[in-house]
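Let's take a friendly look at the salt bridges of this protein. Have the sequence and the model ready as you read.

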Amino acid sequence: MSLWPADVQERAKELIGRYPDPKSAVMPLLYLAMRQDGYLTEAGMGEVAGWTGHTPAQVQSVATFYGMFKTEPLGQYLVSVCTSISCMLLGGDDVLEAVEEATGVPHGETDAERLFSVEHVECLGACGGAPAVQVNYELIEGSTPDQARALCRWLQDERPEVVNTDDMQERFGGRRSFDWAIAESENAVGPYPAFGPYGTTPGGEV
Amino acid sequence: MTDLVKITVDGREIEVPAGELVIKAAQDHGTYIPRFCWHPRMKEVGMCRMCLVEIETPRGTILTTSCTTPASAGMVVHTASETTKKAQAGILEFLLINHPLDCPVCDKGGECPLQDQTMAYGPGESRFVEEKRHFEKPIPISDLVFLDRERCILCARCTRFADEIAGDPLIEFKDRGNHTQVQTFPDLPFSSYFSGNTVQICPVGALTASAYRFKARPWDLRRVESSCSHCTVGCSIAVEASRNDVLRFNGVDNDATNQGWLSDKCRFGFEFIGSENRLRTPLIKVDGEFQETTWADALDLVAERLGSIIEEHGGEAVGGIGGARSTNEDAYAFGKFMRTVVGSNHLDAQLDDGLDARFLAGVSPRAKIGDLDHAAAILLWAPDLKEESGSLYLRVRHAVQEGGAKLVVIHPRRTGLDDRATHKLTYRPGQGFGLLADLAGGEGDYAAVLETLSHGPVVAIVGRTGLTEAPELAEAVAGFALGLPDATVLPFARRSNVFGALDMGVAPSLLPGRVAADDAEAMAQLEAVWGPIPTHEARDTLGILEGLAVGDLKALILLGADPVRDVPDATVARRGIEAAEFVVAIDLFLTDTNQLADVVLPAEAFGEKEGTVTNLEGRVQKVNRIVTGPGQSQADWAILDDISRRLSKPLAFASAEAICKEIADVAPAYAGMTWELLEWDEKEGAVVPYGEAVQPLIHHPAAADRKALEAMSRQPSSGAFALHLARTLYDDGVLMRNSLSLHALAPGAAVHLHPEDAGRLGVTEGALVEVKSVDASIRLPAVLDSSLLTGVVYVPFNQPWTPSLGAALSVVVAAGKEVSA
């Protein structure tokens with residue numbers, strides 16, 4: 001018996017149908033579970049186990065291996081600051097410090113109101129536009145500590161329901177690497193990557 | 001036959017099968033390469049990196065893992081070069097970074113691969129001065145196993161075992177990198193029937209068994225190899241004891257049987273041996289209460305009472321039940337005692353829960369367990385092997401997963417092997433005959449199943465799926481199976497040495513050595529050694545119990561048998577025993593049955609006596625002594641010998657080994673089967689008939705036609721449900737009752753029914769349901785089980801605190817409330 005509403009179940013079936021073996025659909029379904037509960041709950045992982053034929057322990061193993069599957073509740077905005085080598089050389093650590101200061105949230109944590117979660121992450125593939133920051137996995141390149149503070153203030157004051165790379169880059173970004181991110185952006189509606197099939201984009205259609 | 005290739009290991013040329021992993025090839029030729037993650041019975045992963053060796057390639061030598069490198073012609077391997085040594089030392093330094101080195105308080109200390117290999121290959125000191133990682137230690141991951149994550153070196157042996165071998169992937173790695181740990185899902189423990197194997201294969205002390213924690217240091221243990229007595233596979237085990245207490249069983253890798261694995265019942269089912277409930281002195285009943293007495297007084301009483309009954313009513317007024325938990329030597333002594341000293345043919349090792357003795361002893365052609373590995377198809381129409389025979393379950397699982405065999409499972413409900421079955425057929429108890437007719441006909445849906453079974457070699461594992469099932473069904477299934485291409489049958493019965501006891505003639509229809517009791521020529525040969533053997537009609541267990549109830553029989557001798565718990569129809573058992581004039585029981589414990597006896601004599605248990613046992617394929621193996629029995633307990637044969645002397649017909653056995661020699665002389669199928677053979681030449685055990693020996697009784701089950709099969713089909717009475725009554729791994733048997741780690745794991749009484757039936761009866765999960773049979777009416781909590789067909793209920797047999805339901809096919813089922821209203 002599924003805990004998920006009928007439309008999510010339909011989506012799960014569709015996702016499973018894309019693979020020869022239901023077990024292969026574990027990662028897409030984990031995103032679906034994360035969208036349902038805001039993060040991966042035990043019940044959500046159990047649900048994915050039921051759909052895929054894995055045991056819950058196996059689902060947990062996958063879920064805890066990948067950094068983008070979250071097993072703790074998140075804020076409305078997940079701010080990820082890259083501190084890998086290129087970003088680090090160009091001030092990523094200062095950007096992180098600015099974000100921590102502006103939000104009042106140390107990295108790896110979420111504030112009490114569940115507005116911000118802050119993390120430092122490994123390479124975002126945006127070395128050409130270092131230092132890079134993401135909000136709900138929407139990318140901003142060429143950030144500075146001041147811009148990062150402004151970004152956080154904006155999020156706090158405006159509380160946008162949807163965040164978008166183009167928009168944020170224009171307001172808070174600096175030097176960009178190249179344009180690929182813009183074309184691929186789908187606008188994120190929560191602290192999950194914006195993927196149509198998982199319902200994490202506005203509309204969220206498959 | 002795989003091609004052999006020549007490779008050079010440390011300058012020595014050896015010939016090994018092409019594609020064999022270097023680590024295995026080297027070991028088989030005497031070069032041990034250190035390892036943690038690699039295990040010969042599991043797939044290689046190359047996780048721990050300890051087995052690094054140098055291999056010469058056209059581009060220079062490379063350092064690579066020998067557990068993932070297949071041998072190829074001309075390969076040159078260096079396992080002890082400077083570079084290899086440096087690499088191994090480096091790996092050990094890394095592995096020890098987070099290891100707590102709490103060896104003095106670790107169960108594994110003294111037999112720990114990490115400890116040993118650090119001594120042999122390690123750097124001796126560490127450059128790591130930072131804080132090690134810390135975890136709560138230890139945490140229980142099941143009722144039987146504790147996990148200490150600080151000690152873990154992440155070799156994944158346990159998680160791979162759980163997934164690959166046991167099929168219960170309930171433990172897995174959690175998190176990543178420096179945070180990686182082995183974990184269960186919260187509130188979902190590692191409740192695998194095979195969890196104990198992970199303790200044995202853990203190369204560090206991360207996994208420890210609750211039954212053994214802090215009990216002994218390895219160097220204080222004495223060890224002897226033996227053959228497990230919990231089911232009819234006879235897995236090879238190491239029995240380890242300290243200060244006359246058996247403390248641990250470990251699996252021993254016998255390629256023919258268990259390949260090193262044990263179910264938890266076998267691994268932890270040793271606790272009964274040292275139980276304080278063991279009988280220590282003979283007991284005689286005085287005014288309805290047992291009193292301790294001396295052997296002399298007890299034996300005098302037995303001889304006097306038995307003697308006068310035999311004198312008055314003849315030997316055929318005495319029945320004998322038991323022997324299936326004894327050694328072959330004890331069972332042989334029991335058969336000879338009954339037939340020649342008492343003068344009765346009423347003896348049976350089965351408890352009305354088995355199959356026809358001639359089928360079990362004589363079915364031909366009979367499969368070996370190892371045949372499963374090469375089978376194209378396996379037909380499993382038998383009890384749920386996961387519940388009744390853990391290591392056979394693992395063998396079938398392995399044969400399907402790795403050997404590519406197609407599996408057909410036929411059973412009244414879900415079984416542990418359904419997930420590996422190509423076809424699963426479910427039927428209502430009583431209607432197996434009809435299903436068999438349909439299957440043999442191969443019409444419609446059955447065509448595909450029959451097609452799967454039409455590619456040989458086929459191995460059919462045939463047994464009684466449940467206790468309400470007619471034993472004739474197995475015979476008919478075997479008859480059908482033997483018509484399949486290149487087919488062999490592995491007959492399945494459950495109670496430890498039941499095959500040995502039948503082979504020793506402890507059955508109404510058999511004489512020692514797989515001889516039919518009506519074989520006049522063999523009988524004459526046996527009488528030449530034994531003296532006269534009675535000729536009267538013989539009764540089986542049910543016949544003996546019924547005979548006692550109506551007074552046809554007067555006395556009963558029980559040898560390690562507990563009919564009140566084990567005979568499916570407990571009422572018949574109780575009635576018979578209560579009516580008997582005299583009952584003497586030879587046993588380890590006071591049981592529900594021998595509480596009713598007049599005399600109870602304390603016997604030696606597994607681990608306290610030497611002898612041979614025979615498994616379901618006919619493999620004879622040695623069991624060995626490591627501790628002395630408690631108090632004044634004696635071997636079964638010695639007790640019977642003492643009674644025989646007092647009855648003035650001395651069996652005059654000198655020792656168990658002498659009995660084995662006598663068996664080899666008089667039992668045709670056991671000719672040549674001696675302790676020396678098993679101890680020196682046939683360490684995997686020897687399948688009888690061995691060498692020149694012959695088996696006089698060859699039983700070919702006949703295939704029945706549709707008409708005959710349909711005539712045997714049975715329906716529950718109108719409005720009633722068909723009862724499926726089957727055993728579970730852990731139950732209320734006397735050995736389990738006295739193995740405290742396991743007894744609590746019995747699933748408990750319940751009635752499983754199909755959700756549709758439950759809906760119709762207005763029953764929800766957990767609600768009390770009234771189940772009424774001819775003999776009894778009991779209330780059980782409901783479990784919804786959609787693996788059953790409608791109209792069928794499943795009740796696990798012999799659960800703690802649950803009265804018997806009898807073994808009639810029909811039961812009336814109603815919601816608890818309705819009945820009380």
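A salt bridge is a side-chain nitrogen of Lys or Arg within 4 Å of a carboxyl oxygen of Asp or Glu. Over all chains, the structure holds 55 salt bridges. This is a predicted model, in which local features need pLDDT of at least 70, side-chain atom pairs count only at pLDDT 80 or more, and totals for chains, interfaces and linings use all residues. Residues are numbered from 1 along each chain as its sequence is written, chains are lettered from A and ligands numbered from 1 in the order in which they are written, and side-chain values use heavy atoms, with hydrogens and water left out.

| Salt bridge | N to O distance |
|---|---|
| A:Asp167 and A:Arg171 | 3.0 Å |
| B:Lys137 and B:Asp148 | 3.2 Å |
| B:Lys424 and B:Asp418 | 2.9 Å |

Where do A:Asp167 and A:Arg171 lie? Both are in helix α8 (residues 165-172) of chain A, 4 residues apart, about one turn of the helix. Helices (H or I, at least four residues) and strands (E, at least two) are DSSP runs, numbered from the N terminus.

Now to chain B. The side chains of B:Lys137 and B:Asp148 meet in a salt bridge. B:Lys137 sits in the loop between α3 (113-121) and β6 (139-140), and B:Asp148 in the loop between β7 (145-147) and α4 (157-165), so the pair ties together parts 11 residues apart in sequence. B:Asp148 is buried at 3% relative accessible area, while B:Lys137 is partly exposed at 34%. Buried means under 20%, exposed over 50%, and partly exposed in between (1.4 Å probe, protein chains only). Both residues belong to a network of salt bridges that also links B:Asp102, B:Glu150 and B:Arg151.
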